[in-house]
Number of protein chains: 2
Amino acid sequence: MDIPTYADVEAAHARIALHIHRTPILTSSFINDLTGAELFFKCENFQKAGAFKARGASNAVFGLDEKMAKVGVATHSSGNHALSLSYAAGKRGIPVTVVMPRTAPEPKKAAVRGYGGHIVECEPSTSSREAVFAEVVAETGAEFVHPYNDPRVIAGQGTCSKEMVEDLGELDAVVAPIGGGGMVSGCCLTLSTIAPKTKIYAAEPKNADDAYRSFKAGRIIADDAPQTVADGLKVPLKELTWHFVSKHVEDIFTATEEEIVAAMRLIWERMKIVMEPSSAVPLAAILKNKELFAGKRVGVIVTGGNVDLGKLPWAQS
Amino acid sequence: MDIPTYADVEAAHARIALHIHRTPILTSSFINDLTGAELFFKCENFQKAGAFKARGASNAVFGLDEKMAKVGVATHSSGNHALSLSYAAGKRGIPVTVVMPRTAPEPKKAAVRGYGGHIVECEPSTSSREAVFAEVVAETGAEFVHPYNDPRVIAGQGTCSKEMVEDLGELDAVVAPIGGGGMVSGCCLTLSTIAPKTKIYAAEPKNADDAYRSFKAGRIIADDAPQTVADGLKVPLKELTWHFVSKHVEDIFTATEEEIVAAMRLIWERMKIVMEPSSAVPLAAILKNKELFAGKRVGVIVTGGNVDLGKLPWAQS
């Protein structure tokens, strides 16, 4: 297993600087009053392609040698990594094929195509996704850039918490959503090196709590096709992200669908930013565990802003 | 008529600095490509109380002498000024009464109460609003802070374009929504003094185009209770804002309801910010008049972000 180091994060930051935004960090006095903590929202919803995944994807794409770059890249993704890899490949001008569940939000599919990505659809389950993807790689010979179980991707995601430490100094804690664990692994890699006192928490939908159960059991437990409004967090941990999560994460919290939607609406209403349900899971977790965060300086990773505005989760209510 | 000067804008900026945000300026490469212009979005949706009106209201409230402050302030407003005056009065700890149409969005009413404001309801027409308000002032003796036809308020709004010039230098043009004309008057006051080459354009809903018709006729034309999704722009010009608009505005554009909603959705989807329908009218106008703005550096004032998330204008479609 090729485990990335903090030197890889530094190299990634230099490599991708021209292709990503250094995203702003926003605060809300209302939400601080509500939680009793001092929260710093790192707004990756304003990132290129609308999510932090542009960091890891850009690091992978711009790190390829010329020969491999000409053949192109391929991936499978519930959405944001597909979009981000298409963005990065488009920037470099190389071919990109993405396997996406047919149920993925239409705006994400349109955006992938807008960046020049070629989409092959699969069923909305991990097993179907992996089977269809194997066919694609066999046909194209493209370089596989996994959405999270890839040292280049994790090093790229590690640049996000690097920027937080540069802008805010050492925080008491950082809370990030966990699906496959790419962002959390990037936080582990960076923070354990340059801000070792910062506690790293992950937040997960109760409906897709495989990371929580893995963490408690001490081994990877994977679910096939869990259902949650936080559609970026359905995928399971893999060996590389498990390495970081099991080693550096302080605890994992879960939140119900109702708690996620309420936290999402609170952020939209008070902070005036558009973000995905997945990005609301950390605030939902903080609101449930106020005593743990009270009086603390806490970084919150707003992972992305790609949401179907025609199907907001409170529209049914 | 007491006409504010640029010295009043400078005094306002010093007076309110502790009570307002210096709001960020965002850009979108996608929307730049779409319009052919270089657009700079001044994000007053991130302002205290969710709108630029916190500037003028704070200038009025913090400029009161101790005696008048104790009696308190009062106003009538379709929403954001009510909220902003309540915010500013709450900050200073003085009484505030606001007359609001009974049809005003529920989140705005709740926020006014949250800041400690006392609400008296009226019918949703200019005539009813003014009649009810006269009673309130007679009863309370409070200092009237008009939402826009007030030199203290206009000087406060002028701090917004002052920040744009400080951050971006002299722009080719600025486009702002026009209702009563407070923001546009503030732009006129500031830009005509410190950036005289910047052309000032106003953008208005076609369904509430009294400013457009006034501008073309050379005199104030007021409508009673026009209907538009841009609910912050229903009010008519008054003598003080007419002074600035008639003297310094280059032209006024109108946009249909469909154009406003499409521009709003485009900004939400691509820029990941929550803003009101009123704030989308400038982009709708730019998209209709691309040739005028192509190749130009254009400031766009995103006036506010207070929108009922349960009733988004595209939810019906």
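**Entry 1: ground rules.** I noted that this is a predicted model, in which local features need pLDDT of at least 70 and side-chain atom pairs count only at pLDDT 80 or more, while totals for chains, interfaces and linings use all residues. I also noted that residues are numbered from 1 along each chain as its sequence is written, that chains are lettered from A and ligands numbered from 1 in the order in which they are written, and that side-chain values use heavy atoms, with hydrogens and water left out.

**Entry 2: two loop residues.** I placed Ala49(A) in the loop between strand S2 (38-43) and helix H3 (53-62) of chain A; helices (H or I, at least four residues) and strands (E, at least two) are DSSP runs, numbered from the N terminus. Its phi is near 60 degrees, which is a positive value in a residue other than glycine. In chain B I looked up Lys272(B), which sits in the loop between helix H12 (257-271) and helix H13 (277-288), and its phi is likewise positive, near 60 degrees, in a residue other than glycine. Lys272(B) counts as buried, because its relative accessibility is 7%.

**Entry 3: the sheet of chain B.** I followed six strands of chain B that form an open sheet in the order S1-S2-S10-S7-S8-S9, with mixed pairing; two strands pair if DSSP finds at least two bridges between them. Strand S1 (25-26) and S9 of chain B stand at the edges with a single partner strand each, so one side of each has no neighbour in the sheet. I then checked S9(B) (residues 249-255) and found five of its seven residues buried, so this strand is largely enclosed by the rest of the structure. Strand S8 (residues 199-205) of chain B pairs with S9(B) in the parallel sense over six bridges, and Pro205(B) has Ala255(B) as its bridge partner in S9(B). Strand S2 (residues 38-43) and strand S10 (residues 297-302) of chain B also pair in the parallel sense over six bridges, and here Phe40(B) has Gly299(B) as its bridge partner in S10(B).

**Entry 4: Phe215(B).** I found Phe215(B) in helix H10 (residues 210-217) of chain B, buried at a relative accessible area of 19%. Val245(B) is 30 residues from Phe215(B) in sequence and 7.8 Å from it in space, C-alpha to C-alpha.

**Entry 5: where the chains meet.** I read that 22 residues from chain A and 22 residues from chain B take part in the contact. The two chains bury about 1,600 Å² between them, 60% of it on carbon and sulfur atoms; buried area is the accessible area (1.4 Å probe) that two parts lose on being put together, summed over both. Helix H12 (residues 257-271) of chain A gives five residues, the largest share of the side of chain A that touches chain B. Across the interface I found zero salt bridges, a salt bridge being a side-chain nitrogen of Lys or Arg within 4 Å of a carboxyl oxygen of Asp or Glu.

Key:
Contact means heavy atoms within 4.5 Å. Buried means under 20% relative accessible area, exposed over 50%, partly exposed in between (1.4 Å probe, protein chains only).
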